[in-house]
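I am opening a notebook on a structure that is new to me, and I want to work from the whole chain towards single residues. The entries follow in the order in which I looked things up.

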Amino acid sequence: MTIEVGTKVDGKVSGITNFGAFVDLGENRSGLVHISEVSDGFIKDIHDVLTVGDSVTVKVLSIADDGKIALSIRKAIDRPAHTEHKETAKVNSSSHHSSGNFRPRATNNRRDNNHRDQSASKVEPNFDQMLSGFLKDSESRLSTLKRNTDGKRGGRGGRRS
């Protein structure tokens with residue numbers, strides 16, 4: 001049996017890691033199914049889905065020059081083509097309707113934006129105010145830190161007598 005990109009192959013899970021599962025394809029060849037290629041849904045722990053010795057059907061995604069084979073379990077599953085088209089049609093039709101019917105009112109938005117700009121400039125401090133506040137805060141923290149560490153000598157441990 002030849003292993004080519006795009007073909008479906010039966011194999012057995014020979015090892016499991018945090019990032020995927022190794023599948024023995026026979027003829028002393030094995031490939032890796034990355035955890036993202038195991039299922040369409042999110043998989044937190046691959047051990048919940050696969051165990052060593054499981055028989056799986058995989059699709060060959062790629063074969064690297066060094067012989068490493070990338071496999072996919074989720075792409076090996078045959079799905080009806082009409083289901084996929086219906087989902088795509090729903091997404092396209094819903095986005096078409098919402099974008100076609102939405103029209104912002106420019107006069108109200110302009111008035112609201114002007115109001116926000118005026119109130120924002122009154123509430124938010126400018127850079128100089130923020131910098132002076134930061135310097136005062138950091139100076140008080142440094143003085144507190146120095147006061148707490150001046151009486152302690154010897155580094156680790158408590159005060160020595």
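**Entry 1, the whole chain.** I began with contacts (heavy atoms within 4.5 Å), and I noted that residues 24 or more positions apart account for 54% of those in the protein chain with a separation of 6 or more. Before going on I wrote down that this is a predicted model, in which local features need pLDDT of at least 70 and side-chain atom pairs count only at pLDDT 80 or more, while totals for chains, interfaces and linings use all residues. I also noted that residues are numbered from 1 along each chain as its sequence is written, and that side-chain values use heavy atoms, with hydrogens and water left out.

I then looked up burial, where buried means under 20% relative accessible area, exposed over 50% and partly exposed in between (1.4 Å probe, protein chains only); of the 161 residues of the protein chain, 16% count as buried. The accessible surface comes to about 13,100 Å², with 52% of it belonging to carbon and sulfur atoms; such areas come from the Shrake-Rupley method with a 1.4 Å probe, and for residues only the protein chains shown count as cover.

Taking helices (H or I, at least four residues) and strands (E, at least two) as DSSP runs numbered from the N terminus, I found three helices and five strands in the protein chain, in the sequence pattern β-β-β-β-β-α-α-α. The five strands form a closed barrel in the order 1-2-3-5-4, with mixed pairing, where two strands pair if DSSP finds at least two bridges between them.

Strand 4 pairs with strand 5 (residues 69–72) in the antiparallel sense over four bridges, and I noted that lysine 59 stands opposite serine 72 in strand 5.

Leaving out residues up to four places away in sequence, valine 56 touches Val9, Asp10, Gly11, Val13, Val23, Leu50 and Ile73. The C-alpha atoms of valine 56 and isoleucine 73 are separated by 7.4 Å, although the two residues are 17 apart along the chain.
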